Amino acid sequence: MSGGAMSDVLMGMLEYRVVLGALVTTLDGLVVAHAGLSPDDAELLAAASSAQPNDQPYSSDDTRGGTLHVLRGHDMRLVVLTDSATPQGPVTALMHQHLAQLEAALAV
């Protein structure tokens with residue numbers, strides 16, 4: 001899957017009103033693709049998400065701009081910024097679905 005195709009998947013996540021931005025990173029924090037974020041913000045969030053312990057598949061943290069959700073997969077991380085009032089359950093379900101789609105496309 002190309003970076004453009006990954007960006008398309010991330011742009012699809014922005015159709016959910018509560019999703020403010022999304023990015024895919026390597027496990028060590030390099031930005032692969034992003035949507036709804038400036039390049040500088042994407043780099044900052046990628047660096048912050050790389051500090052997530054490898055034994056934790058999911059984490060969330062409240063920030064000034066909303067809630068930052070990080071989901072670690074086999075080969076990459078999906079990072080999503082949502083409105084702070086968004087319930088965690090639907091966000092994690094959405095993230096699992098999209099991360100599985102991104103990683104399956106990489107395996108082809």
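Reader: In which strand does Thr25 lie?
Author: In this predicted model, local features need pLDDT of at least 70 and side-chain atom pairs count only at pLDDT 80 or more, while totals for chains, interfaces and linings use all residues. Residues are numbered from 1 along each chain as its sequence is written, and side-chain values use heavy atoms, with hydrogens and water left out. Helices (H or I, at least four residues) and strands (E, at least two) are DSSP runs, numbered from the N terminus. By this naming, Thr25 lies in strand E1.

Reader: Is Thr25 buried or exposed?
Author: Buried means under 20% relative accessible area, exposed means over 50%, and partly exposed is in between, using a 1.4 Å probe and protein chains only. The relative accessible area of Thr25 is 0%, so this residue counts as buried.

Reader: Which residues does Thr25 touch, not counting residues up to four places away in sequence?
Author: Contact means heavy atoms within 4.5 Å. With residues up to four places away in sequence left out, Thr25 touches Leu30, Val31, Val32, Ala46, Ser49, Met76 and Arg77.

Reader: What order do the strands of the open sheet have?
Author: Strands of a sheet pair through backbone hydrogen bonds, either parallel or antiparallel. Here two strands count as paired if DSSP finds at least two bridges between them. The sheet is open, has 5 strands and pairs in the antiparallel sense, in the order E2-E1-E5-E4-E3.

Reader: Which are the edge strands?
Author: An edge strand of this sheet pairs on one side only. That is the case for strand E2 (31-35) and E3.

Reader: How many bridges join E1 to E5?
Author: Strand E1 covers residues 19-26 and runs antiparallel to E5. The number of bridges between E1 and E5 is 7.

Reader: How many bridges join E4 to E5?
Author: Strand E4 (residues 66-72) is antiparallel to E5, and a hairpin of 3 residues links the two strands. Thr67 has Thr82 as its bridge partner in E5, while Arg72 stands opposite Arg77. The bridges that join E4 to E5 number 6.

Reader: Which residue in the turn between E1 and E2 has a positive phi?
Author: E1 and E2 pair in the antiparallel sense over 4 bridges, and Val24 has Ala33 as its partner in E2. The two strands form a hairpin with 4 residues between them. The positive phi, about 100 degrees, belongs to Gly29.

Reader: How many of the residues of E5 are buried?
Author: Strand E5 spans residues 76-82. On one side Met76, Leu78, Val80 and Thr82 are buried, and on the other Arg77, Val79 and Leu81 are buried. Both faces are thus covered, and the count is 7 of 7.

Reader: What is the relative accessible area of Thr82?
Author: Thr82 is found in strand E5. Leaving aside neighbours within four places in sequence, its contacts are Val18, Val19, Leu20, Gly65, Gly66, Thr67, His69 and Val91. Thr82 is buried because its relative accessible area is 0%.

Reader: How much space lies in the largest pocket?
Author: On a 1 Å grid over the protein atoms alone, a pocket is an open set of points where a 1.4 Å probe fits, with protein on both sides within 12 Å along at least five of seven lines; lining residues have an atom within 4 Å of a point. Grid points are joined across faces, edges and corners, and a volume is the space filled by probe spheres set on the points. For the largest pocket, this space is about 250 Å³.

Reader: Which element gives the largest share of the lining of the largest pocket?
Author: The lining includes Leu37, Asp41, Leu44, Asp61 and Arg64. Two or more residues come from each of helix H2 (39-49) and strand E3 (58-63). The largest share, 4 residues, comes from H2.

Reader: How far apart in space are Ser7 and His69, C-alpha to C-alpha?
Author: Ser7 lies in helix H1 (residues 3-13). In sequence, Ser7 and His69 are 62 residues apart. In space, C-alpha to C-alpha, their separation is 18 Å.
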